[in-house]
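Please describe this protein model for someone who has not seen it before. Cover the sheets, the helices packed on them and the nonpolar core.

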Amino acid sequence: MIMRLKSLLFSLLCLVGTPGFGQQQKPNVLLIISDDQGYHDLGSFGNKDILTPYLDQLAAEGVRLTNFYVTSSACTPSRSGLLTGRYPQRNGTFELFRNNMVNYGHRYTDYEYSVSPERILGTDLREIFISEVLKKGGYTSGYVGKWDLGQLKRYLPMQQGYDKYYGFANTGIDYFTHERYGSPSMIDGNQLSIADKGTYTTDLFEREALEFINGSEGKPFFLTLAFNAPHSASNLDPEIKGTVQATEKYLKMYPESNTKRGEKQRAYKAAVTQMDQSIGTILERIKEMGQEENTLVIFLSDNGGMSLADNSPLRGGKAQFFEGGIRVPCLVKWPGKIVPGQTNDAFLTSLELFPMMVAAAGLELPEAIIYDGFDMLPVLKGKTDAERTEMFWEFRGDQAARIGDWKWVQSAKGNGLFDLKLDIEEQNDLSLEKPEKLEELTRKFSKWKEEMENAAPRGPFKDF
Ligand SMILES: [Ca+2]
């Protein structure tokens, strides 16, 4: 009898330790990244022309962040900051892993590509990716899409805490051939693969995301889904170079234009709409699995849009430190935790996402590592006003700082001191009227820069 009781007790204890019995399973985390999507290129951010019904639904079911920044105006450093929770200048990936020869029309030979900086450099292996922290917490993690943090096997997602990888590791490809200036670039696991050549990337990333989610049942999942849409295609063909590629089905949703630029914009919009549809399909699948209530969904663009995009009302775009290059659309949904249908204009950045995901998973940040952000969930819940007070940017000699509502930019594309509260368009340079403010921002920038320079040497750009 006693033995039977013990056995029964043991069984009960086991049950208690199992998700679904008296305790909530750890939340799934779905982190969706679009590439070079403009601040205004979603219906929920005021665009009347572009079709994004599923992202608009996500906004209606979650919170829309209108004052949210990434750590860089370019892809690679923005992603290094996001996935390590640290300023790119601290983690050492503050440049693109790129050999500029292709910009002058040169197509790499296979050998040249194999030894190019783009191919052989990657984010410092000492950095701890969000996937590595979540893995320790029992998560199964998948990375689908653009990685951009190193192409050699040692730098790929499966060596950085992810259990699955399907995507490309360089900074941009052709949407159909999956080649970068002629070099095959799609990777399945740790191997280059041409098995899916010819299929539009968004379709492939949707397929792979669904496969990962379907296979995760019983375990909390973390999926990073990084579309290449609507980034321009990396193809030397002058008809394709600098354009966004789209499929007929989605092109047909937009009226034809009689100008070349109009047609390019039409394709940009079609690519955004197809990405939106894929996001909708994936969110629907999560709902069918009964996991909607238990899934934290985050959506953001990795940096501002280029010339085909609409960053209005912000000034500038990609590769600039005016707001259009670094303030991006961000949506967060977590049913039961975040009140749906809100707009939150707190000053926040992508550096907050790492601590937020770790806290959502009920885990602690690794000790002895300096993180540059904080868990922003209490801000999204409206429980605290403790938003960010300062943020700094640097890229190729351009510099910028935001302290409170004040923004300072010094760059090849223009300079100025702006009061974002009154002048979100950064039209009114107050440098002469507010010298003490200018002095405060430049002094704080110098202090930040000194801290970054004194941070532990990290490769590849800093550690040489
Ligand atoms: Ca980008």
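In this predicted model, strand 15 and strand 16 (residues 398-403) run antiparallel and are joined by six bridges. Phe 392 has Ala 401 in strand 16 as its bridge partner. Helix 14 (residues 435-454) packs on the sheet and touches strand 15, strand 16, strand 17 (406-411) and strand 18. The direction of helix 14 makes about 115° with that of strand 16.

The sheet itself is open and has four strands in the order 15-16-17-18, with antiparallel pairing. Its edges are strand 15 (390-395) and strand 18 (414-419); each has a single partner strand, so one side of each is left without a neighbour in the sheet. Direction ignored, neighbouring strands of this sheet are turned by 5° against each other on average.

Another open sheet is built from 10 strands in the order 9-8-5-4-10-1-11-12-2-13, and its pairing is mixed. Strand 9 (191-192) and strand 13 (342-344) stand at the edges with a single partner strand each, so one side of each has no neighbour in the sheet. Within this sheet, strand 1 (residues 28-34) pairs with strand 11 (residues 295-301) in the parallel sense over seven bridges. Leu 30 has Val 297 in strand 11 as its bridge partner. Helix 2 (residues 53-61) packs on the sheet, where it touches strand 2 (63-65), strand 11 and strand 12 (330-333).

| Helix | Partner | Angle |
|---|---|---|
| Helix 2 | strand 12 | about 60° |
| Helix 2 | helix 10 | about 55° |
| Helix 14 | strand 16 | about 115° |

The axes of helix 2 and helix 10 are 7 Å apart. Angles from 65 to 115 degrees would count as roughly perpendicular and those under 35 degrees as roughly parallel; helix 2 and helix 10 are therefore oblique to each other. At their contact, Pro 53, Tyr 54 and Leu 55 in helix 2 meet Asp 276, Gln 277, Ile 279, Gly 280 and Leu 283 in helix 10.

The largest nonpolar core has 118 residues, and Leu 223, Leu 225, Ala 271, Ile 298, Phe 299 and Val 332 touch the most other members. Helix 10 (residues 260-288) gives the largest share of this core, 10 residues. Beyond its neighbours within four places in sequence, Leu 223 is in contact with Leu 30, Gly 142, Val 144, Ala 209, Phe 212 and Ile 213.

The unreviewed UniProt entry places the feature "domain: Sulfatase N-terminal" at residues 27-362. Over residues 27-362 the chain is 29% helix and 16% strand, with the end C-alpha atoms 9 Å apart.

Methods:
Residues are numbered from 1 along each chain as its sequence is written. This is a predicted model: local features need pLDDT of at least 70, side-chain atom pairs count only at pLDDT 80 or more; totals for chains, interfaces and linings use all residues. A nonpolar core is a set of buried Ala, Val, Leu, Ile, Met, Phe, Trp, Tyr and Cys residues joined through C-beta atoms within 7 Å. A residue is buried if 20 or more other C-beta atoms lie within 10 Å of its own, exposed if 12 or fewer, and partly exposed in between; C-beta atoms are placed from the backbone. Helices (H or I, at least four residues) and strands (E, at least two) are DSSP runs, numbered from the N terminus. Two residues are in contact if their C-beta atoms, placed from the backbone, lie within 7 Å. UniProt positions are given in the numbering used here, feature names are shortened, and annotations may be inferred rather than shown by experiment. Two strands pair if DSSP finds at least two bridges between them. Axes are lines fitted to C-alpha atoms, for helices over the stretch in contact, and angles run from 0 to 180 degrees between N-to-C directions. Angles under 35 degrees count as roughly parallel, over 145 as roughly antiparallel, 65 to 115 as roughly perpendicular and the rest as oblique.
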